[in-house]
Amino acid sequence: MLRAAVIAAALAALTVPVAAPAADAHDRDRGRRWAEQSCWAGQRHGHHRRHHRPTPSTPSTPSTPTVEPSAPPETLPPATAPLPSDRVNAPFTDPAGTTSTYHLYTSSTRGPARGIVVYLDGDGMYGHRNPTTTWALGGDRGIIAQAGQRGYATLSVMTPSRDRTFWTAGARNAAYVAALAETIRNETGAQKTWIVAYSGGSQLVTKHLIPAHSGTFTTGGGAVILGGGGRPSGTPNINPALKAGFPMHWYTGTDDDGRNTSDGYDAIRDARAGHAWYLDHGYAATLETPAGVDHNDLGGRFGTVLAEQIDRHS
C-alpha cells in the first residue's frame, strides 16, 4: 500500500497540464467573415457613384472564392456528368466581334447544373472584380453559394465597355451578354437562366437585354433586379413565352432616391417605372421596396434575394 501511494504521488507530480483547444476552422472562418462584412458595412453610407459600389484604392485581384457547401460532403449527390472547371477572367468574343471576360463557378453545384445564374454588376464592376467579398458573389450568403446550393452555376460578366458600365452602350452589351449566356448554358447542359443585376446592370436587363434578346431566356428562369431597372428603351420585341415562364422581381429600397449618391440617381423611380411597364404588359412582375434601404445598403443581399425567388418559383 505504501509503495503504491509513493508511485501515484510521483506520477501526479510529472503530469503536464493540457492546453485548451484552439478555435476550430469554422470559428476562425466565422470571425473572418464578420470582419469582412463589417468592413463594407461601415462604409456603405458614403457618397456613391452612379450604379456601382465604390472601388477601394487598391482593388484586390479577382480569385476563385471559397464557397461553403450547402450540406456535409457525404450527403451531397456525386457529380454524374462532367462540368467545366471554375474560370476567372476567361475571354469570350461574341459573333459581332465584341470581346470581354467572365468568371464561371460550377464546382459549387456538386453535380450537373440545372441552370445558370448570370450576374450583371453596376458601374465600376466592384462585385465582379472582387468576387471573394460578400458584397455580391462571395460568402455563404453570396450569389455563388446560394445558387450552388440550388444546383445553379454562376456566370459573372465583365462589361465590354471601357468605362466599366453596362448601360452606356446598352444594345451592344446586351447582345454580348445574351451570346455568352447561351454559350455557357449549352456548354454546361443547363436549361434555366436566372439573372441577378444591380444598378447599371439592372438598367441593361430591363431596357435592352429582355426587350431585344428575350428568346435566349424562354427555357425558364427569371430575373432579380436590384437598385433600378427602368422601362424598355426603344420599341421592345419580347417573346410572349416570357409572360408566364420568366418571373421578374424588382428589389429597391425606399431610400434609394439619389439623396445618398454623388449624382442624384433616383433608382426607386426607375424601379417603379420599369416594374409598372412590365406588369401592365402582362409579365409576371413583382416589386419589393424595403423601408430605409438605399443604394449602398443593397450589398450583401443579392444572394439571399435570389434564393427566395428561385425557391418561390421552383
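**Exercise 1. Find what the side chain of Arg87 meets in a salt bridge, and work out which parts get tied together.**

Step 1: Start with the rule: a salt bridge is a side-chain nitrogen of Lys or Arg within 4 Å of a carboxyl oxygen of Asp or Glu. Arg87 passes with Glu187, at 2.1 Å from N to O.

Step 2: Arg87 sits in strand 1 (residues 87-93) and Glu187 in helix 5 (residues 170-188), so the bridge ties together parts that are 100 residues apart in sequence. (Helices, H or I with at least four residues, and strands, E with at least two, are DSSP runs numbered from the N terminus.)

Step 3: Check the exposure of Glu187. Buried means under 20% relative accessible area, exposed over 50%, and partly exposed in between, with a 1.4 Å probe and protein chains only. Glu187 has 38% relative accessibility, so it counts as partly exposed.

A word on the ground rules: this is a predicted model, where local features need pLDDT of at least 70 and side-chain atom pairs count only at pLDDT 80 or more, while totals for chains, interfaces and linings use all residues. Residues are numbered from 1 along each chain as its sequence is written, and side-chain values use heavy atoms, leaving out hydrogens and water.

**Exercise 2. How many salt bridges does the rule give, and which residues form a network with Asp257?**

Step 1: The count comes to four.

Step 2: Look at Asp257 and Arg259: their side chains meet in a salt bridge at 2.9 Å, N to O. Bridges with shared partners join Asp255, Asp257 and Arg259 into one network.

Step 3: Asp257 is partly exposed at 22%, and Arg259 is exposed at 60%.

**Exercise 3. Is helix 9 largely enclosed or open, and what do its buried residues pack against?**

Step 1: Eight of the eleven residues in helix 9 (residues 302-312) are buried, so the rest of the structure largely encloses this helix. Among them are Phe302, Val305, Leu306 and Ile310.

Step 2: List the neighbours, using contact as heavy atoms within 4.5 Å. The buried residues of helix 9 pack against strands 3, 4 (152-157), 5 (192-198), 6 (221-226) and 7 (248-251), plus helix 4 (143-149).

Step 3: Now the salt bridge. Asp311 pairs with Arg150, with the closest N and O atoms 2.8 Å apart. Asp311 belongs to helix 9 and Arg150 to the loop between helix 4 and strand 4, so this pair ties together parts 161 residues apart in sequence. Asp311 itself is partly exposed, at 44%.
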